[in-house]
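Thanks for coming. I will go through one structure today, and I will keep it short. Please have a look at it on the screen before I start.

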Amino acid sequence: MKFAFYVSEKDRNWGLAEAVAESAAVHGDEVEIIPQRMFQGVRGDADGGACLGVKRAGKRLLGAHLQAGRHFLFFDKGYLDRANYVRVAIDAWQPLAYFRSARPPDRFERFRLKVDTRRNGEEILFAGSSQKYANFHDLGDATKYAERIIHKLRRKTSRPIVYRPKPSWAAHHPDECKPIEGTRFSSPGTPISEELKNCHLLVTHGSNAAVDALLAGVPVMALGSGVFNDMSMGEDYGKIEVPYFPSREKRLQFFYDLAYCQFTLKEFKSGEAWAELRSILLNLGPIAGAPGMEESNSLAHVVGLYRKMHEIPKYF
């Protein structure tokens, strides 16, 4: 099995790519590291591609490989202990097709995280995105998108609303990231744990803050195609005051499953991470119909992959 890992000039990208290449080599596979600027089309001698980060270049690479009928590995910061873990999804920006598979608790229990009971706060927290994320998902200007969502919320509730753009974007692009009238602005230096203390509902398109909210006992309204969608109340503004909140048992299984979608660099280098990915890839087989980017997260594509995964006893 051979994959082409397309990297940007950032050192973190090269370090991850080298670790993935080491992981593949343990199993007799090959990962060739190629600068993204040298991409001229899907490699004919490769079974698939890979990249790191939710950005337009990654979207183009993902779409090109799916259109060519090749698999694609999409890497980004982890869901839990994000400083030390990297998440990976196959053929989409999130592992929606296969990650809900009744995994054991062992990987999640390593984090020693508390799963809180339901909180009854007063505020609604809108967790926004960076402009790179907004570009990837065709949301337009990130601040204007946030304004539209907050306007919808304000029409349905009188609760105080907190606007929290992605902290790293707000810190590095203060000229682009502006406070929104009628909301309290959450500064980049404020931990998400502080903002969740008095939170009634967290609203987001796809921020990982939703994972933090579910841990902290806060309901979630998901507006995009995030891994936490089935833990969310959905995009129903009429139920803001009485949002759906999953049971502790459902949330625990969600976290068990999620923990199997992320790995440390050490786990990549040892070959452990590639063993998991390789097993999924081999059982998925060819991409039926070679869908384009617009179909890669569609219900039909996700259901097709999900059904494939049901044939694998290891995962179901």
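A word on the source. This is a predicted model, in which local features need pLDDT of at least 70 and side-chain atom pairs count only at pLDDT 80 or more, while totals for chains, interfaces and linings use all residues. Residues are numbered from 1 along each chain as its sequence is written, and side-chain values use heavy atoms, with hydrogens and water left out.

Pocket and cavities. Both were searched for on a 1 Å grid over the protein atoms alone: a cavity is a set of points where a 1.4 Å probe fits but cannot get out, a pocket is an open set with protein on both sides within 12 Å along at least five of seven lines, and lining residues have an atom within 4 Å of a point. Points are joined across faces, edges and corners, and the volume is the space filled by probe spheres set on them.

The largest pocket has a volume of about 1100 Å³. It is lined by 47 residues, and those closest to its centre are Asp76, Lys77, Arg82, Lys166 and Ser168. By class, the pocket lining has 21 nonpolar, 14 polar and 12 charged residues. For the classes, Ala, Val, Leu, Ile, Met, Phe, Trp, Tyr, Cys and Pro are nonpolar, Asp, Glu, Lys and Arg are charged, and the others, including Gly, are polar.

Now the cavities: there are two of 30 Å³ or more.

Salt bridges next. The rule is a side-chain nitrogen of Lys or Arg within 4 Å of a carboxyl oxygen of Asp or Glu. On that rule there are 21 salt bridges.

I will show three of them. Glu32 and Lys2 form a salt bridge at 3.5 Å, N to O. Glu32 sits in strand β2 (residues 30-35) and Lys2 in strand β1 (residues 2-7), 30 residues apart. For accessibility, buried means under 20% relative accessible area, exposed over 50%, and partly exposed in between, with a 1.4 Å probe and protein chains only. Glu32 is partly exposed at 26%, whereas Lys2 is buried at 17%. Both also belong to a network of salt bridges that links Lys2, Glu32, Arg43 and Asp45.

The second pair is Glu267 and Arg110, at 2.8 Å, N to O. Glu267 is in helix α10 (residues 265-270) and Arg110 is in the loop between α3 (106-109) and β6 (123-127), 157 residues apart. Glu267 is buried at 8%, and Arg110 is partly exposed at 43%.

Glu123 is buried at 14%, and Arg184 is partly exposed at 38%.

Helix α2 (residues 56-67) has 12 residues and reaches 16 Å from its first C-alpha to its last, close to the expected 16 Å. The expected span is 1.5 Å times one less than the number of residues. Nine of its 12 residues are buried, so α2 is largely enclosed by the rest of the structure. Among the buried ones are Lys59 and His65.

Last, the cysteines. How many disulfides does a search of the whole structure find? It finds zero, a disulfide being a pair of cysteine sulfur atoms within 2.5 Å. The sulfur of Cys51 has its closest cysteine sulfur in Cys261, 17 Å away, which is too far for a bond. For Cys177 the closest is in Cys199, at 18 Å, also too far for a bond. Cys51 is buried at 0%, and Cys177 is buried at 5%.

How values were computed: Helix = DSSP H or I, 4+ residues; strand = E, 2+ residues; numbered from the N terminus.
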